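Hi there,

I'm handing over the structure we talked about. Please have a look, and you'll find my notes just below it.

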Amino acid sequence: MQLITLILLGIFVVGLALIHFVRAFQEINSPKYPPGPTQIPWVGRIHDLPIQLMWLKFKEWADIHAIDGFYRTTMLGANFVIVTDEKVAEDLLVRRARTNSDRPVIQSLFNNKSSMEYLPLMGRNQYWARQRKLTHAYLTEATNAQYHGVLDFEAKRWLARLLARPDDFQASLEDMASKVMCQLVWDDPSLSAACAEGAWGLLRQMSPAGPITNVLTPLWHLPEIGPLNPWKRDERRRHDAQQAWWMERLLGVRQKMARGEMRACWTRQFLERAKTSSMAAGGITTDFEASSMLGMLALVGVFTVAGPLSYFLVSMVTHPRWQAEVQREIDEACQGRLPTLDDAPKLPVLRACIKETMRWKPNVPTGVAHETEADDVYAGYFIPKGTRILPLDWAFLRNPAKYPDPDHFRPERWLEAGWPTFRSPLTRYPTLKGMTSFGWGQRQCLGQSLTEDELLVACGALAWCFHLRPRRDAETGLDLPVPVDKSNSLLIIKPDPFEMAFEPRSEARRREALRLWAEAEALDKKQRADFLERARSKTTTTAAAAAAATNEKKAPGYDTSTSEVSSLLDEKKDAATAYRFAHPAGSEADVAWQLLPPSSIFPLTMQ
């Protein structure tokens, strides 16, 4: 009797589970949702989505299931709409940007949506709005000033490094991109190694192919007891070290400013405006938010340039005819000298090869997900709040109607009338601005001009100085192949390590490249030394004036109404009071302030 009861109870439980499963299956595959592969309740299609090169699987599903340029899938309860047509992306992410511009939670980061740390990954909140506005202003000003010569300077350094250590090209390439950002943000290229390391660390952490907790999200919530949750402990260490490094950079700039020894950079520009009011600083009132905004700006500039520049090398090595065309154009347009940004209108072939590289091997093949903030209906299908809209760039840039022969490197599509993508005049087009790889709507990348300009200067320098060849096997004498279809699988990709040769185009060109760098380096050292000397001279003069004012006050008959001295001392007092208010006693900045001699503190009031 007991056994029969247990059997009946088991049948009842199994039957109840089956009924629940069938209902869940019918709901998750309801025709009210966009079409897509058959979904399994609670699991979705997580079981057959590869972590490596997942954009290829998304494209495969699109070819089978997409109707009118989009389809749906789910992963462990998360809804995804995969967009494969630019018109649909325009509709959902631009015309409906008001409700479709949020970002999803990235499980392996701490509070990416609600914190003030990672501008491109933030939710659509007050931190995102004010940081985006300020970042746009900095990038626009830098573009208009042609980045104060930083791009040309670092391109010359890179050529010299390639001549000295050609086999180290991948590391020096990434370091060049990092040095550009470290100069713009902190005026300190020596920070480049740490900046690049931080960039790739963050990129790995936020990518589906990074920690397994980005895919199997429940693992993130395990307690940090013993070995149970190594992923959260690792991220805590990375996060805390990154934040401390960013803060150290901000405080370092502030200390140099107090001594009058800080040259122009974005951090100095921010701190100078912050002295005026929080409105002048874009509404940012804390060092934590300021250091995070500026630090993130530096990090993003590393991997958004390193990937396309690496693939440009692949493009040129595997397409020698186009490499020769670029070299010929540079030689004719620049008459033997190193190309600069001013030469861009005369270099359409170079611009076409850069743009075709980014189309052929897109930097962000999956696109970056938006998240819906309200229920919506599109083309008759229901899209619930919290759905992740993935603009699949791999599909956009493989559309044969817009890009005939999409799987092959064809720069002529940007240069010759008759191709769907041709635009004139060639002094202006092709341009990278507006490419789908830079995102959509309110989430479009702010650094499009910087990316385009940096790639033009770096790629132009390569073609001016080198023949880019396959590496020759020392034993067989045969060229080693350069793979075109192997890459990492992070959110922003770059090719797997490969070997190639950098052959100077001539001995004269080699000597000229070395001369240009030696000249640029000597000038930079002189300018830095001269600036420091002027700053210290000003400090000495100001300190002497203060000492004289003090002595005069002690002398008989001193007139306390002397306007110059009174104003100077009041200004010093106000500056010290403001600094104490912003940096409470015992803080790192306060300790640094106390360690500075009076002659270093005083000039802060005169800046």
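Predicted model: local features only at pLDDT ≥ 70, side-chain atom pairs only at ≥ 80, totals over all residues.

**Around Leu309**

Setting aside residues up to four places away in sequence, Leu309 touches Trp158, Leu173, Met176, Leu455, Ala458, Cys459 and Leu462, where contact means heavy atoms within 4.5 Å. Leu309 also belongs to the largest nonpolar core, which has 132 residues, and is among the members that touch the most others, together with Phe58, Trp266, Leu313, Leu462, Phe466 and Phe502. Helix H10 (residues 287–318) supplies the largest share of this core, 18 residues. A second, separate core has 12 residues, including Val81, Val83, Ile389 and Phe396.

By nonpolar core I mean a set of buried Ala, Val, Leu, Ile, Met, Phe, Trp, Tyr and Cys residues joined through side-chain atoms within 4.5 Å. Buried stands for under 20% relative accessible area, exposed for over 50%, and partly exposed for what lies in between (1.4 Å probe, protein chains only).

Residues are numbered from 1 along each chain as its sequence is written, and side-chain values use heavy atoms, leaving out hydrogens and water.

The mean pLDDT (the predictor's confidence in each residue, from 0 to 100) is 88 for the protein chain, with 89% of residues reaching 70 or more. Over residues 555–607 pLDDT stays under 50, and the model has 53 contacts beyond four places in sequence for them.

**The chain as a whole**

The protein chain has 18 helices and 8 strands; these are DSSP runs numbered from the N terminus (helices H or I, at least four residues; strands E, at least two). Of its 607 residues, 52% are buried. Among contacts between residues at least 6 apart in sequence, 69% join residues at least 24 apart.

Leu202 sits in helix H7 (residues 192–206). Is Leu202 buried or exposed? Leu202 is buried, because its relative accessible area is 0%. Beyond its neighbours within four places in sequence, Leu202 is in contact with Leu109, Tyr118, Arg238, Met296 and Leu299. Leu202 and Met296 are 94 residues apart in sequence, yet 9.8 Å apart in space, C-alpha to C-alpha.

In helix H3 (residues 86–95), the buried residues are Glu86, Val88, Ala89, Asp91, Leu92 and Leu93.

Best wishes
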